[in-house]
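Open the model in your viewer and keep the selection panel at hand.

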Amino acid sequence: KSIKLIKRQMADPAKKADNLELIAKVKAAIEKAHELSPKKTDKQPDKAAYTAKFKDEMGDLNKAVGDLEAAIKADKPDDAKKAMDKIYQLKEKGHKDFGVDED
């Protein structure tokens, strides 16, 4: 939800501090998720590889969020948009790879 809110308001310079706070929340959630295993891990023939892939994809997501943070701090809206697009691509890929249901 924080990413959606950032996407809606990232063009507004007055929301810069709010967006940076939201990014901090997103990064904390990614950090917490990185310590977990996907729900369907137990059903996988190679649990270690499945978990490693998950952790790699979470690392990629964390990097993209870091890129978004840097772009917002530097007041670079084009870079922020590119980072946001990357975040959504990684989200789609991750949800497909790990069978996440949207709610």
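Helices here are DSSP runs of H or I with at least four residues, numbered from the N terminus. With that numbering, go to the loop between α3 and α4 and select Asp75, which lies there. This is a predicted model. Check the backbone of Asp75: phi is near 55°, a positive value in a residue other than glycine. Is Asp75 buried or exposed? The cut-off for exposed is over 50% relative accessible area. Asp75 has 55% relative accessibility, so it counts as exposed.

Next, step back into helix α3, residues 47–73, and pick Thr51. Thr51 has 14% relative accessibility and therefore counts as buried; the limit for buried is under 20%. Which residues does Thr51 touch, leaving aside its neighbours within four places in sequence? Show Ser37 and Thr41: Thr51 is in contact with both.

Last stop: a helix pair. Select α1, residues 2–9, together with α4, residues 77–98. Their axes are 11 Å apart, and the helices pack at an angle of about 150°. Angles over 145 degrees count as roughly antiparallel, so α1 is roughly antiparallel to α4. The crossing of the two, α1 and α4, is left-handed. Now show side chains. On α1, the contact is made by Ile3, Lys4, Ile6 and Lys7. On α4, Met84, Ile87 and Tyr88 make it. Colour the residues of this α1–α4 contact by type: 5 are nonpolar, 2 are charged and none is polar.

Conventions: Residues numbered from 1 in each chain as written. Predicted model: local features only at pLDDT ≥ 70, side-chain atom pairs only at ≥ 80, totals over all residues. Heavy atoms only, no water. Buried < 20%, exposed > 50% of the residue type's maximum accessible area, 1.4 Å probe, protein only. Contact = heavy atoms within 4.5 Å. Axes fitted to C-alpha atoms, helices over the stretch in contact; angles between N-to-C directions. Parallel < 35°, antiparallel > 145°, perpendicular 65-115°, else oblique. Left-handed = near helix turned anticlockwise from the far one by under 90°. Nonpolar A, V, L, I, M, F, W, Y, C, P; charged D, E, K, R; others polar.
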